[in-house]
Amino acid sequence: MSSVKTALRFLVHSNLFISLATVSVVVTTVLLAELPLEPLPVFIVFAATMFVYTVNRFTDLEEDEQNVPQRAAFTKRYGRLWLALGIGLYVAAIGVAVALGLPGAAYMLLPLAVVLLYSVGGVKQIFLVKNLVVGLAWGAIPLGVGYYYGELRSSEILFLFAYITTMITIAAAIFDVKDIEGDRAEGIPTVPNLFGPRWTRLLSLCSTVAVAAAVIALVSTGVLSEKFLVVLAMNAYVCAYIPFATPDRGPLYYGFVVDGEHVFLAAVVMALEWAVW
């Protein structure tokens, strides 16, 4: 059991798991929008995620020393190696996009802008803005997929943009539950800091149910096809983990269980696709 926990900590602390989570968003988007799965957008998203989150580990090191000491220790010991890997992958992704003449290759600089805005630009000091920045960054993944395949304005892509943005914004508020002490020390206003963990869980739960109701309404009115009801599996997953989101939960709970919501959804979507075949 300890070896399993060690492996999971490695996946979480190295940002491999969160990169897998963003790749899962690509897979979900491609399958639900009925697009062909190609390796290039998968590689681009994986590389950008590794770059953004590894840089963030260094900019948030002081907070992590108080909030997530094991992750901070990992960053101090192995962070430079993973930072070099993240930068290398990100530069390679940009190089491939430019070499292939992909339209919109300039948008590959957006992850760098997110890093500067989130880690250096001081958006953390503005209530709810940092949560929304994270949500929009993840929501940009379906938009990027839509742009890549020339389906940017399709109802499927626009829905997934709104859905992912909203669900990640909710998850970001839950994530702040574990960072209460560190955020207070840094003067960062968050939902848990202002309203407490209990109200954060309640508000997040109500928001998740409201999103589910919106999905059902869009399907029932014919805006979306019935296959999009599959996303309700993730709403159920989120509702299941919210009640257990307390400050004393370890990094595996937040870094694996909470961040695993999109991996879970992609697995469900793929299972349904295979069942149809």
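These are my notebook entries on a few spots I looked up in this structure, which is a predicted model.

**Entry 1**

I started with backbone angles. I then looked up where it sits. Asn 15 is in the loop between helix 1 (2-13) and helix 2 (16-32). Is Asn 15 buried or exposed? I noted a relative accessible area of 1%, and since buried means under 20%, Asn 15 is buried.

I found Glu 34 in the loop between helix 2 and helix 3 (39-59). Its relative accessibility is 63%, and the cut-off for exposed is over 50%, so Glu 34 counts as exposed.

**Entry 1: the cavity**

Rolling a probe the size of a water molecule over the atoms shows where empty space is left. How many cavities of 30 Å³ or more are there? I wrote down one. The largest cavity holds about 50 Å³ of space.

Then I listed the residues around it. His 13, Ser 14, Asn 15, Thr 54, Arg 57, Phe 74, Thr 75, Gly 79 and Trp 82 line the largest cavity. So there was Asn 15 from my first entry again. Which helix gives the most to this lining? I got helix 5, with four residues. Helix 3 and helix 5 (69-99) each supply at least two residues of the lining. Sorted by class, I had two nonpolar, six polar and one charged in the lining of the largest cavity.

**Entry 2: helix 5**

At Tyr 78, helix 5 bends by about 70 degrees. I also noted its buried residues: Arg 71, Ala 72, Phe 74, Thr 75, Gly 79, Trp 82, Gly 86, Leu 89, Tyr 90, Ala 93 and Ala 97. After helix 5 comes Gly 101, with a positive phi near 65 degrees.

**Entry 3: Ala 106**

I moved on to the loop between helix 5 and helix 6 (110-120), where Ala 106 lies. Ala 106 has 62% relative accessibility, over the 50% cut-off, so I put it down as exposed. I checked Ala 106 against Thr 59 as well: they are 47 residues apart in sequence and 25 Å apart in space, C-alpha to C-alpha.

**Entry 4: helix 7**

Helix 7 (residues 129-148) has 20 residues. I compared its span with the expected one: from its first C-alpha to its last it reaches 28 Å, close to the 28 Å expected at 1.5 Å a residue. Where is the kink in helix 7? I found it at Ile 141, about 25 degrees, shortly before the proline Pro 142. Both Ile 141 and Pro 142 are among the buried residues of helix 7, including also Trp 138, Val 145 and Gly 146. Just after helix 7, I noted Gly 150 with a positive phi of about 70 degrees.

**Entry 5: the nonpolar core**

I looked up the largest nonpolar core and got 45 residues. Phe 159, Tyr 163, Val 231, Tyr 241 and Tyr 254 have the most contacts inside it. Helix 8 (155-175) is one of the helices that each supply at least two residues of this core, and so are helix 2 and helix 7. Helix 8 gives the most to this core, with 11 residues.

**Entry 6: Leu 20**

Back in helix 2, I looked up Leu 20. With 41% relative accessibility, Leu 20 counts as partly exposed. Leu 20 and Trp 274 are 254 residues apart in sequence, and I noted 20 Å between them in space, C-alpha to C-alpha.

**Entry 7: the second largest pocket**

Last, I turned to the second largest pocket, with a volume of about 190 Å³. It is lined by 13 residues, and Gln 66, Asn 67, Lys 178, Pro 247 and Arg 249 lie nearest its centre. Helix 4 (61-67) and helix 9 (180-186) each supply at least two residues of this lining. The largest share, three residues, comes from helix 9. By class, I counted six nonpolar, three polar and four charged residues in the lining of the second largest pocket.

Methods:
Residues are numbered from 1 along each chain as its sequence is written. This is a predicted model: local features need pLDDT of at least 70, side-chain atom pairs count only at pLDDT 80 or more; totals for chains, interfaces and linings use all residues. Side-chain values use heavy atoms; hydrogens and water are left out. Buried means under 20% relative accessible area, exposed over 50%, partly exposed in between (1.4 Å probe, protein chains only). On a 1 Å grid over the protein atoms alone, a cavity is a set of points where a 1.4 Å probe fits but cannot get out, and a pocket is an open set with protein on both sides within 12 Å along at least five of seven lines; lining residues have an atom within 4 Å of a point. Grid points are joined across faces, edges and corners, and a volume is the space filled by probe spheres set on the points. Ala, Val, Leu, Ile, Met, Phe, Trp, Tyr, Cys and Pro count as nonpolar, Asp, Glu, Lys and Arg as charged, and the others, Gly among them, as polar. The expected span of a helix is 1.5 Å times one less than its number of residues. The bend at a residue is the angle between axes fitted to the seven residues ending there and the seven starting there. A nonpolar core is a set of buried Ala, Val, Leu, Ile, Met, Phe, Trp, Tyr and Cys residues joined through side-chain atoms within 4.5 Å.
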